[in-house]
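Please read this short briefing alongside the sequence and the 3D structure. It covers a pair of helices and then a pocket.

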Amino acid sequence: MKKLLHPVVVTLLVVIAILVLPLLFSEKKLRVPGDAKLRAQALSHNLLPVPRSREGMLAVADNPENPVTPAKAALGKRLFFDPRLSRDRTLTCASCHILEAGGDDNRPVAIGYHGRANPHHLNSPTVLNAALEKSQFWDGRAKDVEEQAGGPVQAPFEMNMTPREVVTRLRKDPEMLAAFAKVFGEHNLTFANVRNAIGAYERTLLTRSPFDEFLDGNDSAISPAAKRGLTLFMERGCKGCHTGMSVGGQLVKRFPLRRYFFDYMGIDPKSWTVKKDEIPFDNIGGFTGRDGRYFFKVPVLRNIAETGPYFHNGAVKDLHEAVRIMSKYQLGREFSPDEINDTVAFLKSLSGKVVDYGY
């Protein structure tokens, strides 16, 4: 018969476990580096400032297959605000992408022709800085802003037009014919060039924020709370998906990445009702991402404080709650209230104005 451990030894092991295990599994206390080091870390993680100059903008946002020119951007701006692109002549691109309100419409779901809502209850992404993204739409199905520009025009629940109808309307306008001839050559008022012009204009819609000023060397441009939030953002892994100058839009990733006991049981612990799918909030519209596999384009975080409600179906109104959900279901460690507040302070430092590039 095996000899049992002495009670004193057992007690000692328990005490050691109580003292040591929390140290093994606890997070290290956040240490915010000095401004110069914090700036260097951000830049090394590809969190880059938006250019101030037209040359800098073209270097990061131009499309070699559809080069931005002043005349093309001006034509695209006219089309962006032109109601003739919608069947009943009441909607424009700017109806869902309000440039003064973060580049979206601040609705849970986009509303289109005759008050129709998107059938998947999809939230309008911001058009600001969209040209810096590697794909468009919530499932990332469009490769660039030029391809994306034609989608809402043709969607029956948005602007409800056909390419032929758009071209027919615009060709009745001598000024529009002349503008297209100037930009694309004679007899080139086509739907493809309507998209190209709008895309060129959208490529000029980059915004600079206090965060850009910090990256450019102004230590006082963002608050101490925002600096703590930036440190959290980098150290806890947010920057792994929300990367690049746009702070997002570079990847299509699975959401939610992590699941918990109640998720596997198919139960909502708040209401004790059966959940319909894996999404950790009421998935109005039932959209489940690319190919129904819960893969969503990582959204741009620039101007995120101006573009609520959040997530693909606008189900979450509060940015603090959105950060909590992401920390729990993507990072696997739910942020504390203080950490959430600091992260939100950093996200607010990403709010900015469209740069005047002289177009």
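Leu319, His320, Val323 and Arg324 in helix α13 are in contact with Ile340, Asn341, Thr343, Val344 and Leu347 in helix α14 (contact means heavy atoms within 4.5 Å; helices are DSSP runs of H or I with at least four residues, numbered from the N terminus). The residues of this contact comprise five nonpolar, three polar and one charged (Ala, Val, Leu, Ile, Met, Phe, Trp, Tyr, Cys and Pro count as nonpolar, Asp, Glu, Lys and Arg as charged, and the others, Gly among them, as polar). This is a predicted model, in which local features need pLDDT of at least 70 and side-chain atom pairs pLDDT 80 or more, while totals for chains, interfaces and linings use all residues. Residues are numbered from 1 along each chain as its sequence is written, and side-chain values use heavy atoms, without hydrogens and water.

**Helix pair**
- The axes of α13 (residues 319–331) and α14 (residues 337–348) come within 9 Å and cross at roughly 115° (axes are lines fitted to C-alpha atoms over the stretch in contact, and angles run from 0 to 180 degrees between N-to-C directions).
- That makes α13 roughly perpendicular to α14 (65 to 115 degrees).

**Largest pocket**
- The largest pocket holds about 790 Å³ of space (on a 1 Å grid over the protein atoms alone, a pocket is an open set of points where a 1.4 Å probe fits, with protein on both sides within 12 Å along at least five of seven lines; lining residues have an atom within 4 Å of a point; a volume is the space filled by probe spheres set on the points).
- Of its 39 lining residues, His242, Pro299, Leu301, Phe311 and Met326 are the closest to the centre.
- α13 gives the most to this lining, with seven residues.
- The lining residues divide into 23 nonpolar, eleven polar and five charged.

Key: Helix = DSSP H or I, 4+ residues; strand = E, 2+ residues; numbered from the N terminus. Parallel < 35°, antiparallel > 145°, perpendicular 65-115°, else oblique.
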